[in-house]
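Reader: I would like to learn how to read a model of several chains, feature by feature, before I rely on any part of it. Could we go through it together?

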Amino acid sequence: MSGTSRDALMAVAASREIRDGETAFIGTGLPMVAAYLAKATHAPGVNLVFESGIIDPAPLELASGVGDYRLAYGSTKIAGTFYALSLLQQGKIDIGFLGTAEIDAFGNLNSTVIGNYRRPKVRLPGSGGANDIASMAKRFVIIARADPKRFVEKLNYLTTPGFLTGPGAREAAGLPGSGPVKVITDLGILGFDPASKRMRLEETFPGISPAEVQSAIGFELVPYADTRAAVAPTEEQLDLLRTKIDPNGMYVKNLQASR
Amino acid sequence: MGHSKLVSLDDAVALVEDGMSITAGGFAHSHQPMGFFRTLMRTGRKDLTIMGVAECWVAEWLAAAGMLRRAYFSNFMFEGFGRCRRFSEGIENGMIEAEDHSHFGMVMRLAASGLGLPFMPMRSQAGTDIMNVAGFEHPAAKAQMFRSPFDGTVVSLVSPLKPDIAVIHAARADELGNVELYGTTSVIEEQVRAAAKVIVTVEEIVTTEEIRRNPQATLIPGMMVDKLVHLPFGAFPLGVYGYYEYDGAALADYYEASRTPEGTRVWLDTWVHGIATHWDYLDAHGASRLLALRTDPHLGYRYDIPEGVAR
Amino acid sequence: MTRSDTKHVSLEPAVGSLPDGAVVALAGAAQTRQPMAILREVVRQKKRGLRLVGYRDGMDFDMLRRAGCASDVDVPASAGSEEAAQARFEAGAAGLPYAIIGMAGEGAVTKAIALHDAAGNTVMAVPKINPDIAILHAHAADIHGNVLMDLETCAGFARDVIVARSAARVIVSVEQIVSPRTVANAPARLVLAADTVDMVVEAPYGAYPTRCERRYDGDDKALAAYDDAARNTEAFRQWLEDEVDAKGSHALYLDRLGMERLQAITTRRSA
């Protein structure tokens, strides 16, 4: 399995987070690939919801984004943004997936600015549905490549809530969801220490040592005794990715290339 | 029998004055009323405020034309391309002021206005810099934490946003302004309810009989619409569900040009200021190119005719 | 689906397959769904000696005749003879040598002959037509050759179906090529099954300047301009040069017409 592409490892790891029968809130890119992989394997009953207002679609080909008309095909309901987002607030969404520009040790995310808010060095796209998903999905998963510029000690701006300032902070803010459960990177999978709510390394990908992961993270990871090797993707999963779900490599690049 | 809401595009655009706040329908590369905004961009209106959610092309082109002063919004980003450069750089160099929200935050502020309420309770945005860091609004004027008087649940309250004008591009309408839209409806219902005035541009005009035959397809009843414009390909180069997909080459062309202020200026001269009417703009691309974007009536997207060797 | 399983051909090679001297039937009706995009290409490719047949006259037959593409045009001279002409195609489609159109003494009909039976009846019959090629214009088709018309227009397309069935080969131009799933989802709209059709050409506004029901009206200005041009040889030559540009394609033709003009005649763009 050492030749499996990083994208494929991340997509498979993300798909494993989805349990059968759940309702998942899905965005563009690897989350879409992960969702359809889960649906095709261990979670055939997963109900997919998209922020564009599409519910339970059956697209014939992989959509380029949540706004792609291909995604709407075969959906059981087509509504608006309010409908999709209010499902989060009601607690109907079991799991969401988010990408990010910056992330800190508590799983808080920044997609707003680098530098000062009013005169930023770099203006980023903004929250979109990210803050809503992180605040209100029952749980959520972050997908982000490991990089000290991305995993930072202090965010330039806190767009999207992980555990905010630490234990009890989400509850004080009245956020209904329980917060982030996993951070899937290209080097391995991180989780959160239950006591401090800070990130810790839980699984490593093939050929990657815990030290390598720490050197790609800009803050100190909480020590964790049970760090183990991630379960390898199965041939069936890789085959599905390659032949059915993302045959053109739109999001899962270099399916058989090594890092 | 009510009176016709039909007006010319120029007459509809004339409703927009300097300093007004505008909200536009659509999302991603879909449904935004670009025909209306291209015409607006030729009028030299300025100091506009956008109250948006994710209508990236409207925000970006208004920014490119130097017409945008302020933005209440959630997320402006070109799916499949990258960032909205003119908008982003406008904020970076202080020409445009931003007030950030989550998607739901913007939807709820518009909904508060549309429901005639002084605030809407909601549960996201709390605890983050969206609530705590000031843009051009004082944080307390935008959102405040609140404890329910009934059971003590912690929520946040957001204040209403009332745009002066909502501009929506839709599928069909009758002359009374009863509007049908296919596919996802983004934030259109909330935008229409919130705005003081509503302008709708549509691909087709149909009879009232046709509307009456299928009332559940009506997204916006005529009573909510002030002005109606018959504007075929009114979202082009973006798409309209049930009619045509977006023109990737035209979008890529803008995206490339937007790398620099100079490239943007040339693009504006070519595609906005150098073109007199909506029909001229369409013909500058060519009828055959536009017709090639048509969606398959069952699939809902453009059918790629597979190649083969005919006998 | 294998690579050779498509009947989709672009306009140029589709018309290229038409041999000089072929017996060609044109479907469509009076100022309605005449396959003008295909026929402009026929003129552009300078086809010669075509023997045209039809159940009504029209701008399409007239244009080919004046442009020198047709050596013979067999269409009813008047509206009264149209039924007999249709009967000839029905006979051809049914594989019969004749179609009986009435009793003797009901009035003279071109090409009709008298037939006598053992019981002493004398009936009038017209000989079958089996064209080499039938050319039609319709709403939609998939690449297999399944042709769809809007439900409301299926009944009116019945004569076109008969013309198609009478012919050895069928070329159909359509407003839009759709996916096979779209065809499978609209069984009531299927007017011609794939096995009847040999080639499908995508030509939006392919009947222009004639009308296409539930899509666009005829362009009265353009039809009047044709009538003017048909007055004399020089006017027609000029019209041909302007309308059927030697370097032109259907796409360029549409670009030159422009969106405003096309939208002005368009009556419906949605289902």
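Reader: Where in chain C does C:Pro209 lie?

Author: Please keep in mind throughout that this is a predicted model. C:Pro209 lies in the loop of chain C between β11 (199–202) and α7 (220–229).

Reader: What kind of peptide bond joins C:Tyr208 and C:Pro209?

Author: As a general idea, most peptide bonds are trans, and most residues other than glycine have a negative phi. The bond between C:Tyr208 and C:Pro209, however, is cis, with an omega of about 5°.

Reader: Is B:Tyr301 buried or exposed, and why?

Author: B:Tyr301 counts as buried because it has 22 C-beta neighbours inside 10 Å. The residue sits in the segment after α13 (287–291) of chain B, and, leaving aside residues up to four places away in sequence, it touches A:Tyr69, A:Arg70, B:Glu245, B:Thr295 and B:Asp296.

Reader: Turning to sheets, what is the order of the strands in the open sheet of chain C?

Author: In general, the strands of a sheet pair through backbone hydrogen bonds, either parallel or antiparallel. In chain C the order is β4-β6-β5, an open sheet of 3 strands with antiparallel pairing. Because β4 (98–103) and β5 (113–116) stand at the edges, each with a single partner strand, one side of each is left without a neighbour in the sheet. Neighbouring strands are turned by 45° against each other on average, if direction is ignored.

Reader: How many bridges join β4(C) to β6 of chain C, and which helix packs on the sheet?

Author: β4(C) is joined by 5 bridges to β6 (residues 122–127), and the two run antiparallel; C:Tyr98 stands opposite C:Pro127 in β6(C). The helix that packs on this sheet is α4 (residues 82–94) of chain C, which touches β4 and β6 and whose direction makes about 145° with that of β4(C).

Reader: How should I read an interface, and how many residues does each of chain A and chain B give to their contact?

Author: The size of an interface is often given as the accessible area lost when the parts come together. Here the description is by residues instead: the contact takes 46 residues from chain A and 52 residues from chain B. The side of chain A that touches chain B has 21 nonpolar, 19 polar and 6 charged residues.

Reader: At what angle do helix α4 of chain A and helix α5 of chain B pack?

Author: Helix α4 (residues 81–90) of chain A packs against helix α5 (residues 103–114) of chain B at an angle of about 115°, with their axes 10 Å apart, and the crossing is left-handed. A:Thr81, A:Phe82 and A:Leu85 on α4(A) meet B:His103, B:Phe104 and B:Val107 on α5(B). The residues of this helix contact divide into 4 nonpolar, 2 polar and no charged.

Reader: Which domains are assigned in chain B, and which element gives the largest share of the side of domain 1 that touches domain 2?

Author: The domain assignment of chain B gives domain 1 (9–116 + 161–291) and domain 2 (120–158), whose C-alpha centres lie 29 Å apart. Their contact takes 13 residues from domain 1 and 10 residues from domain 2. On the domain 1 side the largest share, 6 residues, comes from α5(B).

Conventions
Residues numbered from 1 in each chain as written. Chains lettered and ligands numbered in written order. Predicted model: local features only at pLDDT ≥ 70, side-chain atom pairs only at ≥ 80, totals over all residues. Pairing = 2+ DSSP bridges. Helix = DSSP H or I, 4+ residues; strand = E, 2+ residues; numbered from the N terminus. Axes fitted to C-alpha atoms, helices over the stretch in contact; angles between N-to-C directions. Contact = placed C-beta atoms within 7 Å. Left-handed = near helix turned anticlockwise from the far one by under 90°. Nonpolar A, V, L, I, M, F, W, Y, C, P; charged D, E, K, R; others polar. Domains from an automatic or database assignment. Buried ≥ 20, exposed ≤ 12 C-beta atoms within 10 Å, placed from the backbone.
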